[in-house]
Structures are given as structure tokens and as C-alpha cells.
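Thanks for making time this morning.

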Amino acid sequence: MTRPAVLIAEELAPSVLDALGDGFDIRYVDGADRSALLPALKDVDAILIRSATQVDAEALAAAPRLKVIARAGIGLDNVDVPAATARGVMVVNAPQSNVVSAAEQAVALLLACARNIAPANEALKQGKWQRSKWTGVEVADKTVGVVGLGRIGVLFAQRMSAFGTRLIAYDPYISTVRAAQIGVRLVTLEELLRESDFISIHLPKTPETVGLIGKEQLALCKPTVRIINAARGGLVDEQALADALAGGVVAGAGIDVFATEPCTDSPLFAFDSVVVSPHLGASTVEAQDKAGIAVARSVKLALEGDFVPDAVNVQAGGVVVEEVRPALPLVEKLGRIFTGLAGGVAATIEVEVRGEITAHDVSVLQLAALKGVFADVVEEQVTFVNAPALAAERGVAVSLTTDADSPDFRSLITVRGVLPDGTSVSVAGTLTGPRQVEKITDVDGFDVDIVPAEHLLFLRYADKPGVVGTVGAALGEAQVNIAGAQVSRTSQGGDALMVLTVDSAVPAEVLDQIAASIGAQSARAVDLA
């Protein structure tokens, strides 16, 4: 029997081979050398990479036998995940491998920034003994603001607590109870900016978070503040930060990530008060070891035909039956829509599955829903493995219920939850026809029939004439094209829900304008791109 071929395209920890075992034909190639990589892919079943190997559509086309791409780390910028998914190739990563290393990197940058370690080191190596020039500040008794309380943000906060700091945080998707458990006081972003002596950012990179800290936000800060970003490049506007440093608006910064990488030229490099590093958050022996072992285990599971919890594209999975597998992408979208509608963390989440699909084990649908619920609100990659832990960390009670009876659809999945203030949110969907087309069928009790698109708008308001025209005109003026629209209402003149699919993301200010003009009870934009 021919052993599956596994191509190792970059240097990995020796423990990777131990985790794979003896059942594979192990091959090696320099993944950064394109001329060597493409021919090496022609008859391999799996490829293990880090960040230097580009697995794009061209590489996938050169690999007809490829079943799994394993990235020994978190980021997947060098993997064309949609192209892999279209080819039925599983993509796995190691979402928890570097959380400790990343948190420690943020702490290291903060301390180096506070004590001017980098410029003092450089000066002394040049023969300059300048003790008074590099006087720093203590961290003890200072206020440290944490932007984002995902796994890394929590680890960072716990470590900073040991320095005797006051911890505050901004994260609309974590409960005050959970924040209190880790000794953090939740505040608004504006309050955090105004009160903090140090600010450390721990957010995922999304359209909403890019440029989150810009000129206006920096202007709110204390002139003694120091900004730390070891999360993702682009969350802090680098030019705005450089201008703030030059103008004395900000005292210093510690930056590990940049909007464009590799980055060898930045306006931030001109300041002695800025400590920079070349994206070293995951660059520890331990993190690389954990990452290699994790993806090796995933590759082994995948090539043995088992369900792979760390698969980032939902087509993955060997033990999820064919009758259930098509529902995974739909349920993940329902989870993302639920979070978009809720606008915050729920106290409880119930996944209700009804109809024919309940003849099979549907427990994976609960994981898919949670994966969607947290996909857009935490820094780390959300997978079937860490989704339950993310819910538990936030004190979210999760349940799965099944019922073979489904009066209106062959199968129906509903994600519903209750927010801490008692507000209920629900969204339901089904798969229709031979092609298993995804449909949203219900939103908060309003009947709808919408195919989930990349960009969705949900407007709830009192039913009255002229609303559709007002919304259309506002979107038209903003150059946002409407692909589809549907209005559902409880009764004439009662509550109404308008759901729109649009071709591009709706700017926040446009959404606010629409909400004000129609007197909306709620207005939510949900991006599934």
C-alpha cells in the first residue's frame, strides 16, 4: 500500500516528525523557491508550511492529489483559503500555538518602551554612557488599557496585573462578569484612551478594526501614553502615530506588526521612543514547537479520514456524515449574523435543530454556530476546538436541542440567544432544493426568504410609507448598490423588518444616517465576506 506523501516546505521543529509517525512518505522542498515548489506538489497529499510558502491557486493547480494544507502558526495570509475550499482541500492551522508568546511579546514591548531599553542599548554599544538621557517610567500603579479581551488579551492582562497596575479594557463582546473575574474593569474605547498610561491592542484584523486607533483617537490620550501593538498591522494608523509622537501627543510606542510586511521603512523608525520588532510575536522555540505538533496531528487525522477540529474551511471533516456536512457553512453564517444582530455577547445561546437532519448526529452544528458567533470578535482564529472555550471564558451558557418535527421545512436550524439585558435575538435558516441552497428564513420572529450574501443590512422600524425609498436613496447616494431587499412585518402599521443584500460594505456613518431618517429601532450591518 502506498504511503501518503507529506511535503515539508519550511523548517519545522523536529517534534513534527514524531507527531506524524512512520506512516507517511516525508519529502522536503524550499517552499520559497517557486521553481522547486510547483513540481514538488504534483503527487503529494499534504504540505506543511510556515509563512514563506505561498499556496495560491497556481500551487493548488499543480497539486491534484493535495488533501490538506497545514500552516504551522495562526495567520493564513499566504494560503488562498477560498481556492483551497473550492478544490476540496482542507486548510488547518495552529490557532492556540502562539498565544503565550504573543502575550509575552506585548509585555516585552511595553517594558522596553517604558524603560527606553532599545535606544539605551544602542547608545551604550556606541560607547555612550547616558544614564540621565534614558530615564524611563515605572509600570507599577499605572493604568493599562487592553483593547480586546480575547485569549491573548486576557493572558496579557494577567501578566500586567502582577506589576501592580490598574487594568481597564474595551471589548463589547465580553461580559462585565467575565472581565471582573480576570480583574479588569470594562470601559468604552473613549474612556480607555483618556485614562490609560499604556494601551495594548489585542484584536483581530477586520474591516471594522483597521485604523481603529487613528488621529482622532490618539488626540484623546494622555501625552504620556505609550501604545503597544503586537496583534495585527493596520489596527493603529502608523502615520497618525508618527505625527502624534512628533507633536508630543503620545510619548512612545512598541510595535511588532505593520500594515505592510515585510516593513523596512516606516515613519515610526525615526523616533527613539519607539521600539520595533519584525513581527516576532510567534517567534519562540516553544510556539514553533506547539504549532508544528498541532498541525502534524491535524494532517494525520485528515489523511486518515477523521474529522479535523482545527480545519479553518468548513468542508473539512471525515466523520461528519454527508447529510449534515452541507449545513456547516450555513450554521456558521447564522452564528455570525446572530452576533451582528446582537451587537454584543449573549448570556445564553441555543442551537435548535429540527426536521430530517436530526436523524443523524448534529452536535457539530453547535460548534459551527459558536465558530460563527465568535469569528468576528476575537483576535485568534476560531475553530471547532476553541469555540466552546471562547464561550465558556465569556460565561455564555450554550445548549443544543433537537426535534424531528419541522412543520415548514425538511430541516431548520435556529440560533437564538438572550443578551444580559434580557433582549432576545434569533436567526434561522435552511437548505433548499437539490443544490442545497442556503436560505435565511426567520429573523427575530419575522418571516424572510433571503440567500445570505457577503454584505447584509437589517433594519427594524415602525411600518410606515416611504421607508423603502428613503433607504434606497441613502444607499444610492453612498454608491452602495442594492442586490436584493425584503420587508416583513407583524401587521400593517406594526413592527417591520427590512433585510437587504448589498454589493459592498455600508459605512457606519451611512448606516447611522439611515437609522435616524427612518426612526429605526435597530440598524445592523453584517459582513460575511
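Strand E3, residues 46-49, pairs in the parallel sense with strand E4 over 4 bridges, and within that pairing Ile 47 has Ile 69 of E4 as its bridge partner. Please keep in mind throughout that this is a predicted model. E4 also pairs with strand E5, residues 90-92, again in the parallel sense, over 3 bridges, and there Val 68 stands opposite Met 90 of E5. If you look along E4 itself, which covers residues 68-71, you will see Val 68 and Ala 70 pointing one way while Ile 69 and Arg 71 point the other way, and all of them are buried.

Let me step back to the whole protein. There are 17 helices and 22 strands, and the radius of gyration is 25 Å, close to the 24 Å that the globule rule gives for 529 residues, so the protein is as compact as a globular protein of that length. Taken along the principal axes, the C-alpha atoms fill a box of roughly 80 × 65 × 45 Å. Of the 529 residues, 52% count as buried, and among contacts between residues at least 6 apart in sequence, 63% join residues at least 24 apart.

Next, the sheet of 6 strands. It is an open sheet with the order E14-E13-E15-E16-E17-E18, and its pairing is mixed. Strand E14, residues 397-403, and strand E18, residues 446-450, stand at the edges with a single partner strand each, so one side of each is left without a neighbour in the sheet. On average, and ignoring direction, neighbouring strands here are turned by 20° against each other.

Which residues have the most contacts inside the largest nonpolar core? They are Ile 337, Leu 365 and Ile 413, in a core of 48 residues. Helix H13, residues 327-342, gives the most to this core, with 9 residues.

Moving on towards the end of the chain, we come to an open sheet of 4 strands in the order E20-E21-E19-E22, with antiparallel pairing. Strand E20, residues 482-489, and strand E22, residues 522-527, are at its edges, and because each has a single partner strand, one side of each is left without a neighbour in the sheet. The twist averages 15° from one strand to the next. Strand E19, residues 455-462, pairs with E22 over 6 bridges, and Leu 457 stands opposite Ala 525 in E22. Helix H16, residues 467-477, lies across E19, E20 and E21, at about 30° to E21, while helix H17, residues 508-518, lies across E19 and E22, at about 20° to E19.

Finally, the cysteines. How many disulfides does the structure hold? The number is 0. For Cys 113, the nearest cysteine sulfur is that of Cys 221, 13 Å away, and a disulfide would need the two sulfur atoms within 2.5 Å. Both of these residues are buried, Cys 113 with a relative accessible area of 2% and Cys 221 at 8% relative accessibility. Cys 263, by contrast, counts as partly exposed, at 23% relative accessibility, and it lies in the loop between strand E11 and strand E12. Leaving aside its neighbours within four places in sequence, Cys 263 is in contact with Phe 258 and Phe 269.

Definitions and conventions. Residues are numbered from 1 along each chain as its sequence is written. This is a predicted model: local features need pLDDT of at least 70, side-chain atom pairs count only at pLDDT 80 or more; totals for chains, interfaces and linings use all residues. Side-chain values use heavy atoms; hydrogens and water are left out. Two strands pair if DSSP finds at least two bridges between them. Helices (H or I, at least four residues) and strands (E, at least two) are DSSP runs, numbered from the N terminus. Axes are lines fitted to C-alpha atoms, for helices over the stretch in contact, and angles run from 0 to 180 degrees between N-to-C directions. Contact means heavy atoms within 4.5 Å. Buried means under 20% relative accessible area, exposed over 50%, partly exposed in between (1.4 Å probe, protein chains only). A nonpolar core is a set of buried Ala, Val, Leu, Ile, Met, Phe, Trp, Tyr and Cys residues joined through side-chain atoms within 4.5 Å. The radius of gyration is taken over C-alpha atoms; the globule rule is 2.2 Å times the number of residues to the power 0.38.
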